[in-house]
Amino acid sequence: MTMMVDIRKLSFINEMAKVGTNGVADNMSKLTGEDAQMEVTKTNFIDVDDIESQLDGGKRVGVRVRLLDPPHGHILILFPEASAKKITAIMLREVVDDMGDVSGKMARSAVEEMGNMMASGFIDGWADVLGRAIDIAAPQLVYAPTGDIVTRTASLGGDDLALFFDSDLAVPSYQIEAEIYAFPDLEEFVEMVNGIEVQPA
């Protein structure tokens with residue numbers, strides 16, 4: 001199977017990143033009641049060994065979500081630790097009066113739920129564009145330096161090369177930040193992109 005992307009389809013790859021991140025921002029806006037701002041910062045093919053050098057070295061809390069349908073692969077939703085604490089407060093504000101009473105298990109569940117909600121928004125955007133259903137597995141909680149998480153996730157595909165979608169999310173009024181990385185199965189993704197009909201101008 002060819003790993004070459006039809007040059008006419010390169011703009012479609014950027015569109016996939018935008019559609020996915022718009023879905024994330026919409027879900028975050030509904031939860032917080034504030035406009036979430038989303039920016040796609042990088043979309044490129046990259047050597048897995050080179051990914052870590054492009055990332056912030058700080059620790060992140062978040063979820064890794066596996067796609068059960070084509071294009072398979074994984075989505076990462078990562079929060080800086082300060083943002084993860086704010087997310088926990090938002091998710092639990094209806095059920096807890098004093099955040100000091102929140103157990104570690106409750107906090108982890110809140111981050112998992114938020115991560116899953118954001119990943120679902122991302123995948124729903126892709127599913128709409130591709131015209132197919134894409135189911136996801138239960139989110140897996142991750143907590144480690146950014147480079148460790150992202151490199152580990154990229155390497156799960158077993159390829160030396162990864163398609164690297166890097167996006168930043170911000171909810172200014174809550175001072176929440178998040179990063180979204182998508183690592184679809186490279187061969188499947190390229191095949192799907194090359195199969196998209198390009199409308200003549």
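Guide: Before we begin, a definition: helices (H or I, at least four residues) and strands (E, at least two) are DSSP runs, numbered from the N terminus. The model is predicted, so local features need pLDDT of at least 70 and side-chain atom pairs count only at pLDDT 80 or more, while totals for chains, interfaces and linings use all residues. Residues are numbered from 1 along each chain as its sequence is written, and side-chain values use heavy atoms, with hydrogens and water left out.

Visitor: OK, how many helices and strands does the protein have?

Guide: The protein has 6 helices and 6 strands. From the N terminus on, the elements run α-β-α-β-β-α-α-β-α-β-β-α.

Visitor: And what share of the residues is buried?

Guide: Of the 201 residues, 45% count as buried. Buried means under 20% relative accessible area, exposed means over 50%, and partly exposed lies in between, with a 1.4 Å probe and protein chains only.

Visitor: What does UniProt place at residues 106–143?

Guide: The unreviewed UniProt entry places the feature "domain: CheC-like protein" there, at residues 106–143. UniProt positions are given in the numbering used here, feature names are shortened, and annotations may be inferred rather than shown by experiment. The span of residues 106–143 is 66% helix and 11% strand, and its end C-alpha atoms lie 16 Å apart.

Visitor: How many residues does helix α4 have?

Guide: Helix α4 covers residues 104–130, which gives 27 residues. From its first C-alpha to its last, α4 reaches 39 Å, close to the 39 Å expected at 1.5 Å a residue. The expected span of a helix is 1.5 Å times one less than its number of residues. Just after α4, G131 takes a positive phi of about 70 degrees.

Visitor: Switching to V24: is it buried or exposed?

Guide: V24 is buried, because its relative accessible area is 0%. It belongs to helix α1, residues 10–32. Leaving aside neighbours within four places in sequence, V24 is in contact (heavy atoms within 4.5 Å) with M38, M118, G121, F122, L169 and I180. The C-alpha atoms of V24 and G125 are separated by 8.7 Å, although these residues are 101 residues apart along the chain.

Visitor: What share of the contacts with a separation of 6 or more comes from residues 24 or more positions apart?

Guide: Such residues account for 76% of those contacts in the protein.

Visitor: Where is V48 found?

Guide: V48 is in helix α2, residues 48–51, and V48 counts as buried because its relative accessibility is 6%. Apart from neighbours within four places in sequence, the contacts of V48 include T151, A154 and S155.

Visitor: Now P80. Which residues does P80 touch?

Guide: Not counting residues up to four places away in sequence, P80 touches K59, R60 and E177. P80 is in strand β3, and P80 counts as buried because its relative accessible area is 17%. P80 and E177 are 97 residues apart along the chain, with their C-alpha atoms separated by 6.9 Å.

Visitor: And which residues does S83 touch?

Guide: With the residues up to four places away again not counted, S83 touches Q175, I176 and E177. S83 lies in helix α3, residues 81–92, and is buried because its relative accessible area is 3%. Other buried residues of α3 include A84, I87 and T88.

Visitor: What kind of peptide bond joins P70 and P71?

Guide: A cis peptide bond joins them, with omega about 10 degrees. P71 lies in the loop between β2 (59–66) and β3 (74–80). H72 is also found in the loop between β2 and β3, and its phi is near 55 degrees, a positive value in a residue other than glycine. Most residues other than glycine have a negative phi, and most peptide bonds are trans. H72 counts as partly exposed because its relative accessibility is 27%.

Visitor: Last topic: what volume does the second largest pocket have?

Guide: Its volume is about 170 Å³. Of the 15 residues that line this pocket, the closest to its centre are G73, G157, F183, P184 and D185. On a 1 Å grid over the protein atoms alone, a cavity is a set of points where a 1.4 Å probe fits but cannot get out, and a pocket is an open set with protein on both sides within 12 Å along at least five of seven lines; lining residues have an atom within 4 Å of a point. Grid points are joined across faces, edges and corners, and a volume is the space filled by probe spheres set on the points.

Visitor: Which element gives the largest share of that lining?

Guide: The largest share, 3 residues, comes from β5.
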